[in-house]
Amino acid sequence: MGDWQKGKRGGGGGGGGGGKRGRWHKPSSSSAAIPYGTRGVVVTCEQGKERAACRDVARALDEIYEAKFPSSANAGDGESGDAGDPPSTADPGGSRADPSDALAAELRQLKEEKSESRRFEYLNLDFKACAFVRMNKEDAGKCAPSELVHALLEKVRDGERVKKNGGDPGFVPRSRHVMRLVPADDVCFAGMDEIKKAAKALIDARFTAFEANRSHDSEPSKTPADVSSDAPSETKKKKTFAVAFASRANSSLKRAEVIDAVADLVPKGEWSVDLSTPDLTIAVEVIKGTCCLSVLREYYGMLKYNWRMLGLSDEERAAERARGTTTDRNTEKTTTSGGADDGKRAGENDA
């Protein structure tokens with residue numbers, strides 16, 4: 001009885017201090033750091049399902065990547081397991097077929113299906129309910145993780161809309177364990193100077209690309225209804241942005257200072273702050289001594305990139321939020337308090 005009580009308190013002494021930290025943070029190790037310059041995705045999930053969640057993310061992003069770049073698909077991967085077991089397929093007669101061989105073949109096939117992706121790698125962060133999927137550097141150079149995640153979530157959202165209208169959405173990627181996906185298009189040291197330098201590079205590239213795509217898409221998409229007196233004002237309408245901040249196991253960075261510093265990097269006069277439906281959201285995710293940065297589209301429209309919630313119907317989503325069975329409410333506190341309150345303050349400073 002005494003030993004059980006000691007084990008429950010943890011640490012064998014010192015009372016109940018640090019209980020919350022003991023539940024959510026394992027002892028830090030050097031292997032838990034995200035290497036600088038890495039690209040990938042921060043994955044939040046159900047506790048104890050970190051590896052399974054990352055495997056689901058890797059499979060789904062693999063499919064999106066191969067759809068974008070068909071020549072990179074590995075057509076032979078799924079056939080290697082079948083080809084390695086000729087005896088079981090050569091004797092369909094029955095009497096000479098060994099059930100153990102058939103079972104072994106099925107196990108090999110399942111193992112192949114569950115194997116880690118060649119393009120994505122699971123990275124343990126020593127957190128519960130949070131892990132990182134690292135993307136191959138060469139593949140990330142062709143397509144940023146933020147673009148892959150957006151395409152995946154867009155597919156999930158569109159599938160739910162088709163289903164809601166009574167249509168057949170076809171195959172829609174699902175995961176039992178994954179909750180939020182936060183892309184990391186760059187990873188740097190969690191210092192103010194390093195964050196500003198990395199964020200500046202991303203802002204210059206992504207904001208410029210967004211402006212170019214917007215001006216290009218606006219011309220052919222015009223309809224007779226758009227050609228009116230309001231059309232000129234639409235083309236000159238200010239573009240909007242927001243900054244979403246979250247921090248895990250790091251107390252050295254001040255939330256307000258980081259958000260104000262990042263917001264100051266956005267071109268003045270051309271962009272304004274919008275905390276409800278911004279065109280672009282600069283995501284700043286601090287994890288221990290590293291900082292993951294990305295520029296995201298439709299961040300709030302896609303429920304802060306919550307895969308699970310995005311795939312639910314309106315009724316199911318309302319029920320989930322009412323029950324509080326997902327971490328959507330907790331992550332909202334983490335990101336919204338960082339992105340909304342401080343984004344509002346940054347917007348006021350800009351003005």
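How are α3 and α8 oriented to each other? They are roughly perpendicular (65 to 115 degrees). The legends below take this pair and its surroundings in turn.

**Overview. The predicted model of the whole protein.** This is a predicted model, in which local features need pLDDT of at least 70 and side-chain atom pairs count only at pLDDT 80 or more, while totals for chains, interfaces and linings use all residues. Residues are numbered from 1 along each chain as its sequence is written, and side-chain values use heavy atoms, with hydrogens and water left out. The secondary structure comprises 14 helices and nine strands; these are DSSP runs numbered from the N terminus, helices being H or I of at least four residues and strands E of at least two. Of the 351 residues, 41% are buried (under 20% relative accessible area, 1.4 Å probe, protein chains only; exposed is over 50%, partly exposed in between). The protein exposes about 19300 Å², and carbon and sulfur atoms supply 51% of that area (Shrake-Rupley method, 1.4 Å probe). Among contacts (heavy atoms within 4.5 Å) between residues at least 6 apart in sequence, 77% join residues at least 24 apart.

**View 1. An open four-stranded sheet.** The strand order is β2-β3-β1-β4, with antiparallel pairing (strands pair if DSSP finds at least two bridges between them). β2 (120-123) and β4 (178-184) stand at the edges with a single partner strand each, so one side of each has no neighbour in the sheet. From one strand to the next, the twist averages 25 degrees. Five bridges join β1 (residues 40-45) to β3 (residues 130-135). Val 43 has Ala 131 of β3 as its bridge partner. β1 also pairs with β4, antiparallel, over five bridges. There, Val 42 is partnered by Val 182. Seven of the seven residues of β4 are buried, so this strand is largely enclosed by the rest of the structure.

**View 2. Helices α3 and α8 on the sheet.** Helix α8 (residues 145-164) lies across β1, β2, β3 and β4, running at about 150 degrees to β4. Angles run from 0 to 180 degrees between N-to-C directions, and axes are lines fitted to C-alpha atoms, for helices over the stretch in contact. The axes of α3 and α8 are 9 Å apart, and the packing angle is about 100 degrees. From α3, Ala 60, Leu 61, Ile 64, Tyr 65 and Lys 68 meet Leu 148, Val 149, Ala 151, Leu 152 and Lys 155 of α8. The residues of this contact divide into eight nonpolar, no polar and two charged.

**View 3. Strand β8 between its partners.** β6 (239-248) runs parallel to β8, joined by eight bridges. Arg 248 stands opposite Ile 287 in β8. On β9 (residues 290-297), the pairing with β8 is antiparallel, again over eight bridges. Ile 287 faces Thr 290 there, as its opposite residue. Eight of the eight residues of β8 (residues 280-287) are buried, so the strand is largely enclosed by the rest of the structure. Leu 280, Ile 282, Val 284 and Val 286 point one way, Thr 281, Ala 283, Glu 285 and Ile 287 the other. In a regular strand the side chains alternate between the two faces of the sheet. The β8-β9 hairpin has two residues between the strands, and Lys 288 takes a positive phi near 55 degrees.

**View 4. The loop at Ser 252.** Ser 252 is found between β6 and α11 (255-263). Its relative accessibility is 58%, so Ser 252 counts as exposed. The C-alpha atoms of Ser 252 and Ala 190 are separated by 8.8 Å, although the residues lie 62 apart along the chain.

Terms used: Parallel < 35°, antiparallel > 145°, perpendicular 65-115°, else oblique. Nonpolar A, V, L, I, M, F, W, Y, C, P; charged D, E, K, R; others polar.
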